[in-house]
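Biologist: I would like to learn how to read a structure of this kind step by step. Could you take me through its features, giving the general idea before each case?

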Amino acid sequence: HQKNTEQWSAEAKFATVMETASLSEAELSQYCRERGLFPEQVKAWKRACISGAGQAEQSKKAEQAARKAEKKRIRGLETELRRKDKALAETTALLVLSKKLNVLYESDNEE
């Protein structure tokens, strides 16, 4: 029967852990006998559930830290982009003024 329980879905194992969470050791043994399980299996599933919950929390914290770092990076890139846009606008304005000045000098020289 143990091989059959290895094929159980995570949901079925979790449901078993939830059903047996409040049972005493004797009640757990009875529950397991009725279903062809071993108490050690249920205890191992419980540890896996707890471990998985801890890993999920760590994963969530890591994702939050990554999002925070990405937001900071985006802000830095946006600041750099604004600075470059201003520099480009200033360069464009200087180029336009330079061309206008050249046109004025050329027309002064022609006269």
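Modeller: Let us begin with the helix: helices (H or I, at least four residues) and strands (E, at least two) are DSSP runs, numbered from the N terminus. Thr79, for example, lies in helix α4. Please keep in mind that this is a predicted model, in which local features need pLDDT of at least 70 and side-chain atom pairs count only at pLDDT 80 or more, while totals for chains, interfaces and linings use all residues. Residues are numbered from 1 along each chain as its sequence is written, and side-chain values use heavy atoms, with hydrogens and water left out.

Biologist: How does the reach of α4 compare with what is expected at 1.5 Å a residue?

Modeller: The expected span of a helix is 1.5 Å times one less than its number of residues. Helix α4, which covers residues 39-110, has 72 residues and reaches 104 Å from its first C-alpha to its last, close to the expected 106 Å.

Biologist: Which residues does the UniProt annotation "coiled-coil region" cover?

Modeller: UniProt positions are given in the numbering used here, feature names are shortened, and annotations may be inferred rather than shown by experiment. According to the unreviewed UniProt entry, the annotation covers residues 60-87. In the model that span is 100% helix and 0% strand, and its end C-alpha atoms lie 40 Å apart.

Biologist: Which residues of α4 are buried?

Modeller: Buried means under 20% relative accessible area, exposed means over 50%, and partly exposed lies in between (1.4 Å probe, protein chains only). The buried residues of α4 are Pro39, Gln41, Val42 and Trp45. Ala44, by contrast, counts as partly exposed at 29% relative accessibility, and Thr79 likewise counts as partly exposed, at 45%.

Biologist: At what angle do the axes of α2 and α4 cross?

Modeller: Axes are lines fitted to C-alpha atoms, for helices over the stretch in contact, and angles run from 0 to 180 degrees between N-to-C directions. Angles under 35 degrees count as roughly parallel, over 145 as roughly antiparallel, 65 to 115 as roughly perpendicular and the rest as oblique. The axes of α2 and α4 come within 9 Å and cross at roughly 105 degrees, and the two helices are therefore roughly perpendicular to each other. Contact means heavy atoms within 4.5 Å, and here it is made by Lys13, Phe14, Thr16, Val17 and Thr20 of α2 with Val42, Trp45, Lys46 and Cys49 of α4.

Biologist: Where is Thr16 placed, and is this residue buried or exposed?

Modeller: Thr16 sits in helix α2, residues 10-20, and is buried, with a relative accessible area of 5%. Not counting residues up to four places away in sequence, Thr16 touches Trp8, Tyr31, Leu37, Val42 and Trp45. Ala15, also found in helix α2, is partly exposed, with a relative accessible area of 33%.

Biologist: How do the axes of α3 and α4 cross?

Modeller: The axes of helix α3 (residues 25-35) and helix α4 come within 9 Å and cross at roughly 105 degrees, which makes α3 roughly perpendicular to α4. Their contact is made by Glu25, Leu28, Ser29 and Cys32 of α3 and by Pro39, Val42 and Lys43 of α4.
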